[in-house]
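Keep the 3D view open while you read.

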There are 2 protein chains.
Amino acid sequence: MSEVKLFGTLFSPFVRRVEMALKLKGVEYEFIEEDLKNKSSLLLQHNPVHKKVPILVHNGKPIAESTVILEYIDEVWEGPSILPKDPYNRAMARFWVKFIDDKCGLAAWRACWSVGEEREKLKEEAIDGLKFLEEEIKGKNNVGLVDFVADFFAHWFLILQELAGLEILTQDKFPNLWKWINEYCNDNFIKENLPDKDKLTASFKKAFATGNLY
Amino acid sequence: MSEVKLFGTLFSPFVRRVEMALKLKGVEYEFIEEDLKNKSSLLLQHNPVHKKVPILVHNGKPIAESTVILEYIDEVWEGPSILPKDPYNRAMARFWVKFIDDKCGLAAWRACWSVGEEREKLKEEAIDGLKFLEEEIKGKNNVGLVDFVADFFAHWFLILQELAGLEILTQDKFPNLWKWINEYCNDNFIKENLPDKDKLTASFKKAFATGNLY
């Protein structure tokens, strides 16, 4: 029997996407909650390069980086596919995931935690990126890799931008994305796995108040 | 018969890694040289998000982002594997590729084009990253994904750091990496596909002199 452990924290979209993938595949796993202010020696041993969660440990072998873990889960376990089957569609999924994590989502996230000119610049960058996603997300069907990564915009970021007093992702500007968000967040499987809105709000509020955490 | 086009520039490690993968698989392709100061309308049409090369166009369908293209090539064409077959080894390869492109290689590259305190900081970051690669690269065998990406350090960066007057990747500090570089650059297939050292040096020199190009 295979042994699966996931090192993570409750309020991380990067950890949560891995949990959703494991649950989608029906993989049983032990969740090991990490205190990022006081990282365990096991975390440091499993991910000496980045010292970050999530880390998936499968039969004693550690894997870091959420997108690398998602591909691994799809390759190792049976069940609903996380990546599309067709090579071109797989390439497109990988392209959008990279775009969200490295560009658009990162800019949106950083806009919320910055001020002045930097905030304005990041806001514009995020909006420019979302315009591409707005076109891409049209007519998507099955939940998979891109959704698990865009999940950040569907749930976490909507709370965050409100607390930060920003209007980046609005129904008015991005009707397709808004439609996707509604469908995604009302999917029974997804709904069960989104972090509680009130608790997440409280966690973000604390982070804003202390200027700490992220 | 499939039609394969690669939009690129001669002196880009990101383009060159895609060419090496195509050649390893024995795929015939048309190389379309782009002038990055005056990008073609086809380039902008095929990669509106990043407006960058490489772009692989396979039977009319474009794919951008070199690492996404490498995975696509491995999935679509027969021939020697670019990624390892075992899922854990595949995950490790993807992890190191991400680390080189997003962290270690990026820091090393930027160190060469920066000055003062920023240069020192990036130099330290690059050296810290290379220490992890130094351990990882030990005992590697077949040429594949990680080599095509680490190729930047084997060839391009050694020229660049000399021109920049930096000592980051030295035999003294990184004996394993040095051994890997020697073996890699003396592999017959690789040797044929590395850009000419003199021409590359001239290109970098021009970039340093004009403060342009990168």
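## A buried threonine

Is A:T9 buried or exposed? A:T9 is buried, because its relative accessible area is 11%. (Buried means under 20% relative accessible area, exposed means over 50%, and partly exposed is in between, using a 1.4 Å probe and protein chains only.) You'll find A:T9 in the loop between β1 (4-8) and α1 (13-25) of chain A.

Contact here means heavy atoms within 4.5 Å.

## What kind of model this is

This is a predicted model, where local features need pLDDT of at least 70 and side-chain atom pairs count only at pLDDT 80 or more, while totals for chains, interfaces and linings use all residues. Residues are numbered from 1 along each chain as its sequence is written, chains are lettered from A and ligands numbered from 1 in the order in which they are written, and side-chain values use heavy atoms, with hydrogens and water left out.

## Chain A as a whole

Chain A has nine helices and four strands. Starting at the N terminus, its elements go β-α-β-α-β-β-α-α-α-α-α-α-α. Along its principal axes, the C-alpha trace of chain A spans about 50 × 45 × 30 Å. The radius of gyration of chain A is 17 Å, which agrees with the value near 17 Å for a compact globule of 214 residues. (That radius is taken over C-alpha atoms, and the globule rule is 2.2 Å times the number of residues to the power 0.38.)

Of the 214 residues in chain A, 52% count as buried. Look at the contacts in chain A with a separation of 6 or more: 67% of them are between residues 24 or more positions apart.

## Two helices crossing

Helix α5 (residues 116-136) and helix α7 (residues 175-186) of chain A have axes that come within 8 Å and cross at roughly 65 degrees. (Axes are lines fitted to C-alpha atoms, for helices over the stretch in contact, and angles run from 0 to 180 degrees between N-to-C directions.) Which residues make the contact? From α5(A) come A:L130, A:L133, A:E134 and A:E135, and from α7(A) come A:P175, A:N176 and A:L177.

Over in chain B, the axes of α5 (residues 116-136) and α7 (residues 175-186) also come within 8 Å and cross at roughly 65 degrees. There, B:L130, B:L133, B:E134 and B:E135 in α5(B) meet B:P175, B:N176 and B:L177 in α7(B).

Now for the backbone. A cis peptide bond joins A:V53 and A:P54, with omega about 0 degrees, and A:P54 lies in the loop between α2 (41-46) and β3 (55-58) of chain A. In chain B, the bond from B:V53 to B:P54 is cis too, with omega near 0 degrees.

A:N59 isn't a glycine, yet its phi is positive, near 50 degrees. A:N59 sits in the loop between β3 and β4 (61-64) of chain A and counts as partly exposed, because its relative accessibility is 46%. B:K51 has a positive phi as well, near 55 degrees, and lies in the loop between α2 and β3 of chain B.
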